[in-house]
Amino acid sequence: SEEDMYRDAEEIEREKILLCETSSSEHKLSVAPEMDIMEYCRKEWRGNTPVAKKMRKGYEAVAQKFASIRRVRGDNYCALRATLFQVLSQATQLPSWLQGEDFTMLSENLLSKYDWIKQWQLKQKLGRKMGDISDEIKEYLILLRKKWKSISEMKGPVEKQEACDKLFKNEEEEYSLYEALKFLMLNTAIKLYNDDKSGRRVPVFSWLLFARDTSSNPCQLMHNHLNHIGHSGGLEQVEMFLLAYTLQYTIQVYRLYKYSTDEFITLYPNDPEEDWPVVTLITEDDRHYNIPFRMCQETML
């Protein structure tokens, strides 16, 4: 039946992810080499189910702009991985928010104000003592600034891509960067929450972020959401807005299962600042994100 054919495709996908995650460390590719986007589509969506037909149409639309696709490793860091890879591979300068002297003191400053941040959960550090995370997060923030600066100073796109490929094969550094990103997302959430309470104007997604029963304040957001990213869950839709706002990048996503609707191309945030750079991702289900590669023509918002 059509339903069985679609379920088989999902099982194949899960099997691929499992094989990828259980293979030895040196064979783990966080971002796979590029392949022709329509070739990838034909390989993944062979059936004649309504879902397969919609996916093929979606990929055909993406192929009008991009020639290739790079598959991103499918763990719970997937959205952070795809976004950060795109950001770094296109970086031409160090953003102003990364340049401030107080940037590296962020963990110390926040911990001095909010004692509950001591319960921040770092990857593979579950046995750590409470309250000894400040120095470690500081190291992650310094690493993020260092890598961003060095890649942005490289002249050509090929050199940048090679540097990113190398960085995203180094698991220790790669996961350290995700921890830095998550902490910066918490910092942004705290700012937005405080601005709203003070009567300042905040973006609409901030209301939605704190309207959830599980994240009515930054402490709950940390405990119930940010602490789980990379461990037992990925980014939810509203957290994609938070990530974009934190990086001060517009994240443009081709959401293939939304093909032929107004949500096929979704922007995070949906009212971006004009001077924010744009990175583009592809998703089939709002859970796993891949990277479109090699523009066929200038992508315009």
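# Close-up views of salt bridges, aromatic pairs and loops

**View 1. Glu-34 and Arg-294 meet in a salt bridge.** Glu-34 counts as partly exposed because its relative accessibility is 31%. The classes are buried (under 20% relative accessible area), exposed (over 50%) and partly exposed (in between), with a 1.4 Å probe and protein chains only. Areas come from the Shrake-Rupley method, and for residues only the protein chains shown count as cover. This is a predicted model, in which local features need pLDDT of at least 70 and side-chain atom pairs count only at pLDDT 80 or more, while totals for chains, interfaces and linings use all residues. Residues are numbered from 1 along each chain as its sequence is written, and side-chain values use heavy atoms, with hydrogens and water left out. The N to O distance between the side chains of Glu-34 and Arg-294 is 2.8 Å. This pair links distant parts of the chain, 260 residues apart. Glu-34 sits in the loop between helix H1 (2-22) and strand E1 (35-36), and Arg-294 in strand E6 (residues 289-295). Helices (H or I, at least four residues) and strands (E, at least two) are DSSP runs, numbered from the N terminus. A salt bridge needs a side-chain nitrogen of Lys or Arg within 4 Å of a carboxyl oxygen of Asp or Glu. Side chains of opposite charge can pair when their charged atoms come close. The structure holds 16 salt bridges.

**View 2. A salt bridge joins Glu-173 and Lys-147.** The closest N and O atoms are 3.4 Å apart. Glu-173 belongs to helix H9 (residues 171-197) and Lys-147 to helix H7, so the pair ties together parts 26 residues apart in sequence. Glu-173 has 21% relative accessibility and therefore counts as partly exposed. Lys-147 has a relative accessible area of 18%, so Lys-147 is buried.

**View 3. Lys-182 and Glu-179 pair within helix H9.** Their salt bridge has its closest N and O atoms 3.8 Å apart. The two residues lie three apart, about one turn of the helix. Is Lys-182 buried or exposed? Lys-182 is buried, because its relative accessible area is 0%. Glu-179 also counts as buried, at 2% relative accessibility.

**View 4. A salt-bridge network links Arg-255, Lys-258, Glu-263 and Asp-286.** Asp-286 is placed in the loop between E5 and E6. Its phi is near 65 degrees, a positive value in a residue other than glycine. Asp-286 has 11% relative accessibility, so Asp-286 counts as buried. Ser-260 is another non-glycine residue with positive phi, near 70 degrees. Ser-260 is in the loop between strand E3 (250-255) and E4. With a relative accessible area of 61%, Ser-260 is exposed.

**View 5. Trp-97 and Trp-148 form an aromatic pair.** The structure holds 18 aromatic pairs. In this one, the ring centres are 5.7 Å apart and the planes stand at 90 degrees, so the pair is edge-to-face. The pair links distant parts of the chain, with Trp-97 in helix H5 (residues 96-99) and Trp-148 in helix H7 (residues 134-152), 51 residues apart. Both tryptophans, Trp-97 and Trp-148, are buried. Rings of Phe, Tyr and Trp (its six-membered ring) pair if their centres lie within 6.5 Å; planes under 30 degrees apart count as stacked, over 60 as edge-to-face, the rest as tilted.

**View 6. Trp-120 and Met-222 approach in space.** Their C-alpha atoms are 7.2 Å apart, although 102 residues separate them in sequence. Trp-120 lies in the loop between helix H6 (106-113) and H7. The relative accessible area of Trp-120 is 3%, so Trp-120 is buried.

**View 7. Five aromatic residues form one cluster.** The members are Phe-205, Phe-241, Tyr-245, Tyr-268 and Trp-276. Tyr-268 also takes part in a cis peptide bond with Pro-269, where omega is about -10 degrees. Pro-269 lies in the loop between E4 and E5.

**View 8. A patch of negative charge gathers on the surface.** Asp-271, Glu-273, Glu-274 and Asp-275 make up the patch. Asp-275 is in the loop between strand E4 (265-268) and strand E5 (278-283). Asp-275 counts as exposed, because its relative accessibility is 65%. Patches take residues with over 30% relative accessible area and no salt bridge, joining like charges within 9 Å and nonpolar side chains (Val, Leu, Ile, Met, Phe, Trp, Tyr) within 5 Å. Lys and Arg count as positive and Asp and Glu as negative, with His and the chain ends not counted. Each charge is placed at NZ of Lys, CZ of Arg, CG of Asp or CD of Glu.

Technical notes: Accessible areas come from the Shrake-Rupley method with a 1.4 Å probe; for residues, only the protein chains shown count as cover.
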